[in-house]
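I opened this notebook to record what I looked up in the structure, one topic at a time.

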Amino acid sequence: PSVVKDMNKKKIDVVPYVNVHSTTPDKGFEQFTDTPRYATGYSTLFHTLGFVPETHMLKVYKERVKVTYEFMVSTINFADTNWQKIKQMRKEALNEYQAGMQYPLDWAIDSTKVSYIDFKGYQGGYKPSDISGKDRLFYDKSKPFTKKIPFYGNYKPTKFVNIPKAYVIPQSQWQVLDILKLNNINAERLQKDTIIEVESYKIESYQTSKSPYEGHYAHYNTKVSKSTQKVKFFMGDYVFYTNQPGVKYLIETLEPEAVDSYFNWNFFDPILQQKEYFSSYVFEDLAKEFLDKNPKIKAELEQKKQNDKAFAENGAAQLDWVYRQSPYYEKAHLQYPVYRIN
C-alpha cells in the first residue's frame, strides 16, 4: 500500500495485474497465482521480496519505461526506509517451516474474502465482427469510467504435505541434482553404501498437457501412493536436509504433487515408461504358480473379477494384473526416485 500511495503521488496509476480472460474487468477479477515457475513465485521460495511490474502494451513505450523506473525508485525507497523490519521478518520466515510441520502444496481462490479497488476503464460491449460477423468484444473510448470493482486477492491452501527431515536422491538423477546445486541447495553425500528406512512414492496417476509450454509437455493432477521401505543407497548418493534456507524450494520441486515439481516438469519421465513385460505363453504357468503360493492375491483377483465385468471378460487384463502383483514386475516403473526420511 505504501508503494501504491507513493506512485499515486507521482500521478501514476497502479492496479493489480488484470487477470481477466473471459469477461470485462468491471465485473471484478482474481489475483494471479504466482506459482514457483514465475519470477515472483520463485523469489518467494528464498524469502525474497519480488515484483513483476507489467506496463500496458498500448501505452507509449517511453511512458512505460518511465513508470517502471519510478516504480523501482518507490520500492527501493520503501526498502531503504524499512530495512530493519524487512530483515527481521525475513529472519522469522527462515524458520517458518520445520520438519514434521505441514506445508501447503496447492491453492485456490478464497471467494469469502473480497476487497474493492478503484478501477479506471472504458465501457465494454459487443458488436458484430468485421471479419466473422459474430459478436466481438470492444471498449468504447467515449465512455470512460472510474468505479469500485471486486478484487479477490486471497488464496487458501487445498493440499498439504508433511515436511520430511530429509530427501535422498540417487546420484544417477544428475539432471535434477545439477539444478538443485545451481540454486545453492545444500546437500551431504553418503560416505558408504547404506540401508535407510525411507518413505517411498509410487506415481498412481497424472495427466499431461496436449500442447507444449516453455518446451515441456507438463504433467498435472499428479497423485501418488506412499509406503515405508528399507532401501539400499550407495556411496555418493545425496541427502538434502530440510533445515536449510532453501527448504521451500526443496519441497516445491521434489514433492511430485506440487504444481511446479520436477516431476510435473518432465525430469522423471523415464520412470513412466514400462520397459519390461512378459510373454503370455510363458507367464501363464508362472502366474498360476505365483497365485497358488499367494492365496491372498488370488482372492483379490477373484474379487476384482466379481466387481468388474469388463475385467472378468478380459484374460489379458487379468494376466497383466497378476504380473503387476508379482516379483517379476519392473520395480522402476512408476517408482519415484526421490525418497523421504521422516
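Before my first entry I need one cut-off: a residue is called buried under 20% relative accessible area and exposed over 50%, and partly exposed in between. I also note at the start that this is a predicted model.

**Entry: Ser-115**

I began with Ser-115, which lies in strand 3, residues 115–128. Is Ser-115 buried, exposed or partly exposed? Its relative accessibility is 35%, so Ser-115 counts as partly exposed. I then looked up its partners and found that Ser-115 touches Ile-149, Pro-150 and Phe-151, leaving aside residues up to four places away in sequence. For Phe-151 I also noted the separation: Ser-115 and Phe-151 are 36 residues apart in sequence, while their C-alpha atoms are 5.3 Å apart in space.

**Entry: Thr-55**

Next I turned to Thr-55, which I found in the loop between helix 2 (39–45) and helix 3. With a relative accessible area of 23%, Thr-55 is partly exposed. Once residues up to four places away in sequence are set aside, Thr-55 touches Arg-64, Val-67 and Thr-68. I also looked up Thr-55 against Val-14, and the two are 41 residues apart in sequence and 9.5 Å apart in space, C-alpha to C-alpha.

**Entry: helix 1 and helix 3**

Val-67, which Thr-55 touches, turned up again when I looked at helix 3 (residues 61–81), which packs with helix 1 (residues 2–9) at an angle of about 135°, their axes 10 Å apart. Helix 1 and helix 3 are therefore oblique to each other, and I recorded the crossing of helix 1 past helix 3 as right-handed. From helix 1 the residues in this contact are Ser-2, Val-3, Asp-6 and Met-7, and they meet Val-67, Glu-70, Phe-71, Ser-74, Thr-75 and Phe-78 in helix 3. By class, I wrote down 5 nonpolar, 3 polar and 2 charged residues for the contact of helix 1 with helix 3.

**Entry: helix 7 and its partners**

I then followed helix 7 (residues 280–293), whose axis comes within 10 Å of that of helix 10 (residues 315–325), the two crossing at roughly 60°. That angle makes helix 7 oblique to helix 10, and helix 7 passes helix 10 in a left-handed crossing. On the side of helix 7 I listed Ser-280, Phe-283, Glu-284, Ala-287, Phe-290 and Leu-291, which meet Leu-319, Val-322, Tyr-323 and Gln-325 in helix 10. The residues of the contact of helix 7 with helix 10 divide into 7 nonpolar, 2 polar and 1 charged.

How are helix 7 and helix 8 (residues 295–307) packed? I found an angle of about 110° and axes 5 Å apart, and helix 7 and helix 8 are therefore roughly perpendicular to each other. Phe-290, Leu-291, Asp-292 and Lys-293 in helix 7 meet Pro-295, Ile-297, Lys-298 and Leu-301 in helix 8. For the contact of helix 7 with helix 8 my tally reads 5 nonpolar, no polar and 3 charged residues.

**Entry: nonpolar cores**

Which residues have the most contacts inside the largest nonpolar core? They are Leu-180 and Leu-254, in a core of 31 residues. Among the elements that give two or more residues to this core I noted strand 2 (102–109), helix 5 (174–182), strand 8 (194–208) and helix 6 (247–254). Helix 6 supplies the largest share of this core, 5 residues. I then looked up the partners of Leu-254, which touches Tyr-167, Ile-169, Val-176, Tyr-262, Tyr-336 and Val-338, again not counting residues up to four places away in sequence. There is also a second, separate core of 13 residues, including Phe-278, Leu-301, Phe-311 and Tyr-323.

**Entry: positive phi angles**

My last look was at backbone angles, since most residues other than glycine have a negative phi. Asn-221 is not a glycine, yet its phi is positive, about 50°; I placed Asn-221 in strand 9 (residues 219–233), and with a relative accessible area of 47% it is partly exposed. Asn-266 likewise has a positive phi, near 80°, and I found Asn-266 in the loop between helix 6 and helix 7. Asn-266, however, is buried, with a relative accessible area of 18%.

Technical notes:
Residues numbered from 1 in each chain as written. Predicted model: local features only at pLDDT ≥ 70, side-chain atom pairs only at ≥ 80, totals over all residues. Heavy atoms only, no water. Axes fitted to C-alpha atoms, helices over the stretch in contact; angles between N-to-C directions. Helix = DSSP H or I, 4+ residues; strand = E, 2+ residues; numbered from the N terminus. Parallel < 35°, antiparallel > 145°, perpendicular 65-115°, else oblique. Left-handed = near helix turned anticlockwise from the far one by under 90°. Contact = heavy atoms within 4.5 Å. Nonpolar A, V, L, I, M, F, W, Y, C, P; charged D, E, K, R; others polar. Core = buried A, V, L, I, M, F, W, Y, C linked by side-chain atoms within 4.5 Å. Buried < 20%, exposed > 50% of the residue type's maximum accessible area, 1.4 Å probe, protein only.
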